[in-house]
Amino acid sequence: MVGLRYPGKKVESSRLLQALDFAAERHSAQRRKGPDAAPYVNHLIEVAMLVASVAGVNDADVLIAAVLHDVLEDTPTTAEEVSERFGARVCQLVQALSDDKSLPRKRRRQITLEELPEMDSLTKIIKLADLTSNIKLLPQSWSFDRQLEYLEWSEHAATICSGECQALAELYWQRAGASRALLERSRAS
C-alpha cells in the first residue's frame, strides 16, 4: 500500500493552518519529555507530516485531526469546541484517538489495545503516525522499566495498525528497533 492515497477532501491549507495555530495555542505551555524539551507542537506537526508524506493521506479532515489528536486529552479544550471549529468528522477522529486521563495509565493503554482493532483505517493511520513520532526518542527521565513498558505497549498498538500503511509501519519498526537497542545498551551500562 505504499503511496496509497485515501479519497477525501483535498487539503485545504487555510483550515490546516488554523488547526496548527489552534494546537500551538492550546499546547503552548507544554514541552516534549525528550532531552531537548522541544515545544509540544513539534510532535503534532510531525504526526501530520507522517500522515501526509509517508502514508500519502491528503484528506484535510484527517490531517487536521492528526494535528489535534492530543488536544482533548492534554488541554482543557472540549469536544464541542473542536466540532464547532473544525467539524464533526474531525471531532470524531480526535475523540477516537483521545485517552480518558481520569483513568490510570495502564487501564488507558489496555483500552486502546482493545478498541484499536475496531477503528477505521484513517484513525489507525493517525495512531500509527503518533506512535512513530513518540517511539523515536523515549523520555530519559523515565525509569528503564517505564521505558520498556511503553515500548512493549507501543509495539502491540503498532502491530494492530501496521496493516493500514506499509511505509509508515516500516518507519515505526525502524524507530522502535533503534529505541529498543538504545534501551538495551542503557541497561547493560
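## A charge over a ring

The charged end of Arg109 lies over the ring of Trp153, 5.4 Å from the ring centre. A charge counts as over a ring if NZ of Lys or CZ of Arg is within 6 Å of the ring centre and within 35 degrees of the ring normal.

This is a predicted model, in which local features need pLDDT of at least 70, side-chain atom pairs count only at pLDDT 80 or more, and totals for chains, interfaces and linings use all residues. Residues are numbered from 1 along each chain as its sequence is written, and side-chain values use heavy atoms, with hydrogens and water left out.

## Aromatic residues

Trp153 also belongs to one aromatic cluster with Trp142 and Tyr150. Rings of Phe, Tyr and Trp (its six-membered ring) pair if their centres lie within 6.5 Å; planes under 30 degrees apart are stacked, over 60 edge-to-face and the rest tilted. The count comes to 4 aromatic pairs. The ring centres of Tyr172 and Trp173 are 4.9 Å apart with planes at 90°, so this pair is edge-to-face.

Tyr172 is buried, at 0% relative accessible area, while Trp173 is partly exposed, at 35%. Buried means under 20% relative accessible area, exposed over 50% and partly exposed in between (1.4 Å probe, protein chains only).

## The nonpolar core

The largest nonpolar core has 56 residues, of which Val51, Leu68, Val90, Ile126 and Leu168 touch the most other members. Such a core is a set of buried Ala, Val, Leu, Ile, Met, Phe, Trp, Tyr and Cys residues joined through side-chain atoms within 4.5 Å.
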